[in-house]
Amino acid sequence: MATYNSRMYQIREASVCEMLDAAGELFVAHWNEVALNKRAMVLRPDVARYEAMEEAGDLLVLAAFDAEQRVVGYSVNFIARHLHYADLCVASNDLLFVDQAHRRGRLGLQLIRATEARAKELGARMVLWHAKPDTALAELMHRLGYGVQDIVFSREI
């Protein structure tokens with residue numbers, strides 16, 4: 001299990017079970033901040049599917065822990081062969097979040113870099129990130145050399 005340490009944080013792989021136990025309040029804060037259609041997007045993770053993906057080796061979960069060993073951020077990614085390009089293994093971001101109180105430093109960047117490194121170790125040759133438009137994350141992706149692959153639109157029906 002890979003571990004990435006900085007002066008203030010430890011970033012390491014975590015299990016689905018560990019994340020459910022340690023990051024429940026953080027998931028709610030994340031949902032409150034980014035879910036645009038809360039009536040349709042009810043926070044209710046499909047734990048069984050996440051656990052099945054974890055068991056199959058198709059899920060990468062990294063958690064950032066502070067000095068008191070509280071989860072203050074996370075990066076959750078699907079690792080899979082691309083359906084259109086069978087020779088290409090891709091890490092596709094599901095969740096990336098840093099507690100608002102911990103955003104002033106470089107923790108978000110550290111989570112991104114740790115995700116890239118671990119995904120590469122798992123065989124991924126490409127990482128896909130989802131970012132809301134006009135956010136610090138969208139700006140950071142451009143500075144890190146990422147390009148726009150697709151634009152996703154949503155509407156409740």
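This is a predicted model: local features need pLDDT of at least 70, side-chain atom pairs count only at pLDDT 80 or more; totals for chains, interfaces and linings use all residues.
## Helix α2

Helix α2 spans residues 24-34. Its buried residues are L26, F27 and H30. They lie on the same side of α2, because they cover an arc of only 105 degrees around the axis. An α-helix has 3.6 residues a turn, so residues three or four places apart point the same way.

What covers this buried set? The cover includes α1, β4 and β5. Helix α1 runs over 16-22, and strand β5 over 89-98.

## Helix α5

Helix α5 covers residues 136-143. Three residues, A138, L140 and M141, are buried there. Their arc around the axis is only 160 degrees, so they sit on the same side of α5. The buried residues of α5 pack against α4, residues 107-121.

Which exposed residues sit on the face of α5 turned away from its buried side? That face carries A136, H142 and R143. After the helix comes G145, and its phi is positive, near 90 degrees.

## Salt bridges

How many salt bridges does the structure hold? It holds nine. One of them joins R12 and E18, with the closest N and O atoms 2.6 Å apart. R12 counts as buried because its relative accessible area is 17%, under the 20% cut-off. E18 is partly exposed, at 24% relative accessibility.

D66 and R70 also meet through their side chains, at 2.7 Å from N to O. Buried or exposed: what is D66? D66 is buried, at 5% relative accessibility. R70 is partly exposed, at 49%.

D46 is partly exposed, with 37% relative accessibility. R49 is exposed, with a relative accessible area of 60%. Elsewhere, salt bridges link E13, R118 and E121 in a network.

## Cysteines

How many disulfides does the structure hold? The count is zero.

C17 and C89 can be described by their accessibility. C17 is partly exposed, at 46% relative accessibility. C89 is buried, with a relative accessible area of 7%.

Most residues other than glycine have a negative phi. Q69 is not a glycine, yet its phi is positive, about 65 degrees. Where does Q69 lie? Q69 is in the loop between β3 (59-65) and β4 (71-81). Its relative accessibility is 46%, so Q69 counts as partly exposed.

D134 is not a glycine either, and its phi is positive at about 60 degrees. D134 sits in the loop between β6 (126-128) and α5. Why does D134 count as exposed? Its relative accessibility is 82%, and exposed means over 50%.

## The segment after α5

V148 lies in the segment after α5. V148 is exposed, with a relative accessible area of 61%. Together with I151 and F153, V148 forms a nonpolar patch on the surface. The accessible area of these three residues together is about 410 Å².

Q149 is found in the segment after α5 as well. Q149 counts as exposed because its relative accessibility is 55%. Q149 can also be placed relative to W129, 20 residues apart along the chain. What separates the C-alpha atoms of Q149 and W129? The separation is 9.5 Å.

Notes: Residues are numbered from 1 along each chain as its sequence is written. Side-chain values use heavy atoms; hydrogens and water are left out. Helices (H or I, at least four residues) and strands (E, at least two) are DSSP runs, numbered from the N terminus. Buried means under 20% relative accessible area, exposed over 50%, partly exposed in between (1.4 Å probe, protein chains only). A disulfide is a pair of cysteine sulfur atoms within 2.5 Å. Patches are made of residues with over 30% relative accessible area and no salt bridge: like charges are joined within 9 Å, nonpolar side chains (Val, Leu, Ile, Met, Phe, Trp, Tyr) within 5 Å. Accessible areas come from the Shrake-Rupley method with a 1.4 Å probe; for residues, only the protein chains shown count as cover. A salt bridge is a side-chain nitrogen of Lys or Arg within 4 Å of a carboxyl oxygen of Asp or Glu. The arc is that of the directions from the helix axis to the C-beta atoms. Contact means heavy atoms within 4.5 Å.
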